[in-house]
Amino acid sequence: MRIRRLSAFFWMTCIIAFIFILYVMTDLSFNLPSVKPAINIDENKWSAFESKLRHIENELDQHHAVVGEIKSAMSQIIEQSNEYHPPQKRPRQMQKNKKIREFKVVGDEPPRMHIKLNESTCPIQKFSVPKTDVQMLSLYERIMFDDKDGGVWKQGWNIEYNENQWSQKNKLKVFIVPHSHNDPGWLKTFENYYKSQTRAIFNNMIEKLNEGVGRKFIWAEISFLSLWWNNDATEKDKTAFLNLLKSKKLEIVTGGWVMNDEANSHWLSVVQQLTTGHQWLLDNLGYVPKNAWSIDPFGYSSAQPYLLKIAGFDNSMIQRVHYRIKKELASNRQLEFRWRQLWDGVGKTDMFTHLFPFYSYDVPHSCGPDPKICCQFDFKRLPGNGVTCPWGVAPQRITQKNVDERAFKILDQWRKKAQLYRSNVLFFPLGDDFRYDRANEWDNQYQNYDMLIEYINSNDAWNTEVQYGTLEDYFKALHDEVKLSNFPVLSGDFFTYADRNQHYWSGYYTSRPFYKNMDRVLLAYVRAAEIITAQATDTHAVSYIMSLQLRDRVEQARRSLSLFQHHDGITGTSRDEVREDYAKKMLTAIKYSQSAIQQAAYYLLKQPHIQDQTQEDIFLDVDDIWRRHDEIPSRITIALDVVSPSRRLVLYNALAFRRQEILTVLVSTPHVEVFDPEGEPIMAQVSPVVAGERRLGLANNKYQLSFPVTIGPLALTVYSVSLRDAMSINKYTSFSHVRIYNADYWSVDLPKMFPIEQPSARLNEDVSFQAGNSTRVVTNMNGLVKTIVSRDGVATPVHMDFVQYDTQKGRDNNSGAYLFIPSGPAKDFKSDPYPEIVVTEGIHKSTLYAALVGPKTAEIILSVTVYNNPSLPHAELEVSSALLIDPQVDDLELALRLSTSVRNGDVFYTDLNGMQMIKRRYFEKIPLQANFYPLPAAAYIEDENIRFTVLTSTPLGMAALQPGQIEVMQDRRLSRDDNRGMNQGVLDNVRTRHTFRLIAEPALGHCAKPPSDHPSGWLTLGSHVSQQMLLQPPLVLHYTPRGDEPRPNYQKASVNAADIVLASYRTHTTTKKEGTNLHGMGLTFQRVALDTCYGHKDTVEAYPLSDGQFRLSDLIDVKSDRVYESTLTFNQIDKQVLDGIITLCPMEIRSVFVNQTIRNG
């Protein structure tokens, strides 16, 4: 009987506990708010929940005999629930003898909720077309790109107005906004511009803005402001400058380090330059900019307004848009619009944007449609100042005698300009490049406009109110008059820009490609350096003093990267000496980054003992040797001998997911073996090194060693390379099969373990090769790809060719650094017949090398590689071209053309700044050069059966001129200036290496595709992973251990989601909350949306996806109550992120700030 009672009591208690758990779950699930990108669950509910748990446990304490069993039952119930389960970390790559983290019972800590993200609340609209008033691709389809003479406004029409449209209650409100556009490098270097002009602008600014009444000014480039503030400004100057900001006489607009290019720059670099500027402003001025100003970049990406939006901006202004597009928008009064992301169906990403209507941002093209009249109101051009009006009529000083005539003349222009907009609030920028560097210009501009303003404002009959203003003043007045909802919604981008005639600015997508590639290398280094130094600081692996030293090195590298994002930097549109200055700065930045990375890695690995350390703060050797700023880097050759028989390779992965790939290093001997992080031998492949410039050759005493590696997210992993006895049998080392064609005259001296074929006959047939069971490649007799065959035998024809363009040579009608004006369609690049070809074929990696030399055109060392990487099972190959255009050539533009059987019609997709994909079309109605677009990272074409994707290591120009075709520019050498101000051609070519990945992916059945007219596109998982690994290769660091000590490692992150991009991870970051500056760390994440209709179904097994949320403490060491929502650049924070759970909608970018100043903010 007693046993029965105990049993009944036990089961009754279990039932009560079960009902209680269900009650709690139901209470939470019905009372939690709908899940949005930032989840905010009332903390009172957590307190109530904890109180209930404590009460239950007190009740159960009297039944101590069964409490343990009840808790066990509760744990099982929780684990089995689909709605609510303990947030155990995702399994890490467990190393041997490591214990799995124990799971705590519910009573030991508050439960860690995992609420599935309801993506219906997200703005992304993938399966229907987001509604807009203006969709740029549709606009291109609709309009004719005619170039009619519009009269005084040559690219527009004769504007008329009715004087009665204004009244005393409905005045025309004119804001005159003085500005000075300062290029941090163009015709002079950054520092030389500062010394010769910009310094004087600041010195005049703090004096002249306080003279007169109501004077205002705007400033954009923080790189210059920082130089003045730190080097030349006195304490009195600084106080005066701060007072100008405080009194709102001065507004800092955008506040980036530079005004970045929007075609070539990667979005990660844009974030870097924007954050660098904003952090400087907050640290030094306590200032947060609110309005963006981008008047000189050569076309605009829709990625930029999204970044500005999440950086806390409300409004923006742009200028350089195709003249025919401007005319079309102006005719419908759509020059002010809400710029929406291609995939946004609800308007969450809208950025209010003002587009200038006329040719330029200078004064002649700003006051109204007639530049001849407007130029007369640029008082810098008064006689005797060295600047004149090209229309032949000079400005006049305003006097009491002429003020009536002069005032009405400019008012007439303002009234005409106002007809192009939807409000009576008019914006008039008063400035140009490097203006206001002389005191007399300040006096001439302001004193003359003072008289005009006073006269117009006192004339009631004109119903006009004129004042100096800033962007803040203008936008406030505008939004007070017109509701935001009354402005049109626009989506798409503004490429390719044309300023007149058929002068399309598609040349700068490719100009100076060596330095564009160097930019991407530096980006990868800066990103890795900031993340690994943040990890070292966050975990206290380094002292505080050392963390500051690391911070300073990374910050210097960031500033060089940021400076190069300037729209005359990465674009390749600066003079030779300026381009060289940028390159030297980037070289120094790479070395700063390498220094910080190796030092942080050493301390994260707990200071392993190193043999023969030669420098005090150099512990690990970075396997990427940059000797010169204009030379392709080299690699370390690992020298192994009896004295130093082993070398350790420290591999760092700066990506937030586990990567698996084939790694290649150079060794001095083929007698080697490789050991994994556990000390176990693994299969490795040894191949000869094929090198050369005009001709190929086999390197002496140097070999490629290739082997598979796995590196966890944000982890350091150590592999070992050891010398082995040449006479012993080693089943773990495989030697490549070598084939040499068209080089029977070579004397091949390779060790006997390499099987060699060297036929004496010339090669007259196709060549086929593959690595293990990987993709197979077929090339023609010149080594150019012909067919890609997938692992399962599906062949995709891909015909590779190099082609070349010449330039038109008419007066003011030729290609240059900015413009691409070809003389006609491309011609075939003809190389010497029977090029030297070498194929090295092995179990992990197989490569074909070909030396393609065109007499008096270019020399190309082509390599085509396939990897046996089962984690990426799609058909993929890597194409590398190291090329140099012949210095004797005057005008030549080289392109890589890939022709496939894909039936894509005229539709293709390119990326915008590596952030998202945009749909494009080839148009017959516009010239060839107008059909070229930026290729910052990726492009693809597709039909109902297959998708063909091209990924690039270098931002370049591309086109899809025929169905099934993708063409990528490689380099350009041009003898003439294109009359856009640079005053020189592009003749400083150096040998440049590009790397492309070509991916063929089949369509998957039973897939819901987006509608055919959706303006956006998405990469597949496989292409996205490959792109991320191309952009951010693993860092390889070497050291020789002292003795046989255990292999160190470092891995904290348990998040492993391939769709999550860790964009930035900054230490020593400043933010502002309720007027107080706080200090801590800032992190930025992106969750990419992926296309599931193409690809390989097994890819997700190696690269799992997130469910849209993760706990920050599963990525870094952080306490959940220190995490706050933040702007993109960390200059403002909002509420706490509940429980430190980061929630991301597809395509969302989100930043958080970890407060390290005071607990709980």
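Buried residues are those with under 20% relative accessible area, exposed residues those with over 50%, and partly exposed residues those in between, with a 1.4 Å probe and protein chains only. The structure is a predicted model, in which local features need pLDDT of at least 70 and side-chain atom pairs count only at pLDDT 80 or more, whereas totals for chains, interfaces and linings use all residues. Residues are numbered from 1 along each chain as its sequence is written, and side-chain values use heavy atoms, with hydrogens and water left out.

**View A. The disulfide of Cys-1007 and Cys-1093.** A disulfide, defined as a pair of cysteine sulfur atoms within 2.5 Å, joins Cys-1007 to Cys-1093 with an S to S distance of 1.8 Å. Because the torsion about this S-S bond is about -65°, the link is left-handed. Cys-1007 is found in the loop between strand 41 (992-1002) and strand 42 (1016-1017), and Cys-1093 in the loop between strand 45 (1076-1087) and helix 19 (1099-1102), so the pair ties together parts that are 86 residues apart in sequence. Helices (H or I, at least four residues) and strands (E, at least two) are DSSP runs, numbered from the N terminus. Cys-1007 counts as partly exposed because its relative accessibility is 24%, whereas Cys-1093, at 2%, counts as buried.

**View B. The disulfide of Cys-122 and Cys-1145.** The sulfur atoms of Cys-122 and Cys-1145 lie 2.0 Å apart in this disulfide, and a torsion of about -80° about the S-S bond makes it left-handed. Since Cys-122 lies in the loop between helix 3 (67-80) and strand 1 (134-135), and Cys-1145 in the loop between strand 49 (1141-1143) and strand 50 (1149-1155), the pair ties together parts that are 1023 residues apart in sequence. Both cysteines, Cys-122 and Cys-1145, are buried.

**View C. The disulfide of Cys-367 and Cys-374.** Cys-367 and Cys-374 are joined with an S to S distance of 1.9 Å, and the link is left-handed, with -90° about the S-S bond. Cys-367 and Cys-374 are both buried. The count for the structure comes to 4 disulfides, and with bonded cysteines counted along the chain their pattern is 1-8, 2-3, 4-5, 6-7.

View D. On a 1 Å grid over the protein atoms alone, a cavity is a set of points where a 1.4 Å probe fits but cannot get out, and lining residues have an atom within 4 Å of a point. There are 17 cavities of 30 Å³ or more, and about 190 Å³ of space lies in the largest cavity. The largest cavity is lined by 21 residues, of which Gly-914, Met-915, Gln-916, Leu-1019 and Val-1088 are the closest to its centre. Two or more lining residues come from each of helix 8 (267-285), strand 35 (916-921) and helix 18 (1021-1031), with helix 18 giving the largest share, 4 residues.

View E. Gln-804 is placed in strand 27 (residues 795-805) and counts as buried because its relative accessibility is 18%. Contact means heavy atoms within 4.5 Å; leaving aside residues up to four places away in sequence, Gln-804 touches Ala-826, Lys-827, Asp-828, Phe-829, Thr-857, Leu-892, Glu-893 and Leu-894. Gln-804 and Ala-826 are 22 residues apart in sequence, while their C-alpha atoms are 5.3 Å apart in space.

Terms used: On a 1 Å grid over the protein atoms alone, a cavity is a set of points where a 1.4 Å probe fits but cannot get out, and a pocket is an open set with protein on both sides within 12 Å along at least five of seven lines; lining residues have an atom within 4 Å of a point. Grid points are joined across faces, edges and corners, and a volume is the space filled by probe spheres set on the points.
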